[in-house]
Amino acid sequence: MVPEIARELIKEQNEINGEALPWKNKEMYKSIMFDRSIRSYEQFDKKKNKENFIFFDRGFLDTICYAELIQSEITEQMKSYAESWRYNKSIFMLPPWREIYKTDSERKQNWDEAVITFQKMTETYKNYGYTIIEIPKKPINERAEFILNIITENDNT
């Protein structure tokens, strides 16, 4: 699994007292997050292997969603990548789940912001032609089984 770029960036920026944080310099944060998402995609795209699945916790489309949320420019470069570089046509999304939602040093969104982000994320991915598979709010082992069953079904078709 490819780690969440945003969390890594926030952790790094906190450690160095940096500016590229969503609560300090949103534009710088957006730009670095997008660049790192592209690099991450390139790195793992080169390793494509039909026998191994790669799960991205977040992707470059998330940066487009973030740009919309903060009412920032979505550059032609961002649109170009989103239109030509593709993840699997179906993507898994975990809906907001109040009972397990927690904030921490990297995730400062309150519950309402998390719900709005999920709604906008779903809209963004659909707008770029992805099918959303919502993972049910169940225990971890049942969520994993759900994902594996979908992958197995799609692999056999």
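## Exercises on a predicted model

**Exercise 1. Which residues does Ile64 touch, not counting those up to four places away in sequence?**

Solution. Start with contact, meaning heavy atoms within 4.5 Å. Ile64 touches Ile74, Met78, Ala82, Thr124 and Tyr128, once residues up to four places away in sequence are not counted.

A word on the ground rules before we go on. Residues are numbered from 1 along each chain as its sequence is written, and side-chain values use heavy atoms, with hydrogens and water left out.

**Exercise 2. Find the largest nonpolar core and say which elements supply at least two residues of it.**

Solution. A nonpolar core is a set of buried Ala, Val, Leu, Ile, Met, Phe, Trp, Tyr and Cys residues joined through side-chain atoms within 4.5 Å. Buried means under 20% relative accessible area, exposed over 50%, and partly exposed in between (1.4 Å probe, protein chains only). Helices (H or I, at least four residues) and strands (E, at least two) are DSSP runs, numbered from the N terminus.

Step two: the largest core has 21 residues, and Phe60, Leu61, Ile64, Tyr125 and Tyr130 have the most contacts inside it. At least two residues each come from helix H2 (26-45), helix H3 (60-69), helix H4 (76-84), strand S1 (90-93) and helix H5 (111-127). H3 gives the largest share, 5 residues.

Step three: apart from this core lies another, of 8 residues, with Ile5, Ile10, Tyr29 and Tyr66 among them.

**Exercise 3. Work out how the buried residues of H4 are arranged around its axis.**

Solution. First pick out the buried residues in H4: Met78, Tyr81 and Ala82. Now look down the axis, using the arc of the directions from the helix axis to the C-beta atoms. The buried residues of H4 fall within an arc of 95°, so they line one face of the helix.

**Exercise 4. Describe the ring pair of Tyr125 and Tyr130.**

Solution. Rings of Phe, Tyr and Trp (its six-membered ring) pair if their centres lie within 6.5 Å; planes under 30 degrees apart count as stacked, over 60 as edge-to-face and the rest as tilted. The whole structure holds 13 aromatic pairs. In this one, the centres are 5.5 Å apart and the planes make 70°, which is edge-to-face. Tyr125 counts as buried, at 6% relative accessibility, and Tyr130 is buried too, with a relative accessible area of 4%.

Then check for a charge over the ring (NZ of Lys or CZ of Arg within 6 Å of the ring centre and within 35 degrees of the ring normal). Arg86 lies over the face of Tyr130, at 4.1 Å from the ring centre.

**Exercise 5. Is Glu4 buried or exposed, and what does it contact?**

Solution. Locate Glu4 in the segment before helix H1 (5-15). Its relative accessibility is 13%, so Glu4 counts as buried. Leaving aside neighbours within four places in sequence, Glu4 is in contact with Asp57, Arg58 and Arg107.

Notes:
This is a predicted model: local features need pLDDT of at least 70, side-chain atom pairs count only at pLDDT 80 or more; totals for chains, interfaces and linings use all residues.
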